[in-house]
Amino acid sequence: MNEKEFIPYGRQYIDETDIEAVTRALRSSWLTTGPLVDSFEEVIAKKTGSKYCVVFNSGTAALHAAYHAAGIGTGDEVITSPITFAATANAALYLGAKPVFVDIAPNSFHLDPAGLEAAITSKTRAIVPVDMAGIPADLDPITRVAAIHNLTVIEDGCHAIGANYKGRKIGSIAEMTAFSFHPVKHITTGEGGAVTTDNENMLTSLRSFRSHGIVRDKELLSSASADEVNDGPWYCEQQVLGYNYRLPDINCALGLSQLEKLDYFLERRKTIAARYNEAFGDNPRLIIPPKPFGETGAQESAWHIYILRLKGEKLHRQHLLERLYNRGIGTQVHYMPVYQHPYYRKLGYLSGLCPNAED
């Protein structure tokens, strides 16, 4: 079967406007961090209804930076969903914290708010709901629990740019929301990510963390440095152990061009999902994605992926995947519970922890 006959699981959409935007960036004076970074951040903030945005070179870097900005460190605990890409939990491990998994709700892809109270301990610092498949998590009850226990909500919105929760844009609700711009996502920068926030202190921390922990703004320098150094704009200082997580202008040029098509991409995905719902909705052996909050229409999915579940013991997933592949249709499984990966088993996580997720 040649490439033209095969429908891949995911593929970016790049047109001439994208190519022209990148070409202009290549011909400019800036290839790394330049003016297009600021422009990209401004447009993302506007699109998501947030005050601030900081872009990174991957969605994983964005999550790592958000956890750092929330003050998460060694010995802390971070509550999240087991049905997510491993990076959601890995970002806690990077900082010496422990991921704590709360099972998904029945007939849902999302962390069950009803399981939060039992999972919270004196070590808990943050709750990280995941907008699985582009459908927003049930954020209101999660936010209420977080407020009672003085916890930070960091939303993993990597699947959900353009989605809405009860009339509010994803990216404007949680204290921080992370996005991904990997080629299978709604828009792409090649690799890339972002964090949105309304909190100015978190903004400062995010910016510092993505650039080695180094600051240049005189207002942010340590008091001793501010008194001793007055030589001008050359001076900078490393205040924390940060990383090189910067996103180059070349990638931001592509991202800006892609953002102009975001509304079209979202509408196209919605149309395809409606077609799938119509085709599969009455099939007794398939379960189509749940409607958010039943029939209330309280959410609008960004339709990152369309998840079909199988019912009936005689229907085996691998057999179906192979049949689809042989007919030129690419598929993927999203996801095995994070704690079932071999690395997490070595850390002591056991099967049976989250029955709904495992089912």
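The model is predicted, so local features need pLDDT of at least 70 and side-chain atom pairs count only at pLDDT 80 or more, while totals for chains, interfaces and linings use all residues. Residues are numbered from 1 along each chain as its sequence is written, and side-chain values use heavy atoms, leaving out hydrogens and water.

Helix 2 covers residues 35-48; helices (H or I, at least four residues) and strands (E, at least two) are DSSP runs, numbered from the N terminus. Val37, Phe40, Glu41, Ile44, Ala45 and Thr48 of helix 2 are buried (under 20% relative accessible area; exposed is over 50%, partly exposed in between, with a 1.4 Å probe and protein chains only). These residues lie on the same side of helix 2, because they cover an arc of only 135° around the axis, taken from the directions from the helix axis to the C-beta atoms. The face turned away from the buried side carries the exposed Glu42 and Lys46. Gly49, with a positive phi near 75°, follows helix 2.

Turning to the rings, the structure holds 18 aromatic pairs (ring centres of Phe, Tyr and Trp, its six-membered ring, within 6.5 Å; planes under 30 degrees apart are stacked, over 60 edge-to-face, the rest tilted). Among them, Phe85 and Tyr335 form a tilted pair, 6.4 Å centre to centre with 50° between the planes. This pair ties together parts 250 residues apart in sequence, because Phe85 lies in the loop between strand 2 (77-80) and helix 4 (87-94) and Tyr335 in the loop between helix 11 (317-326) and helix 12 (342-346).

Note on methods. Expected span 1.5 Å × (residues − 1).
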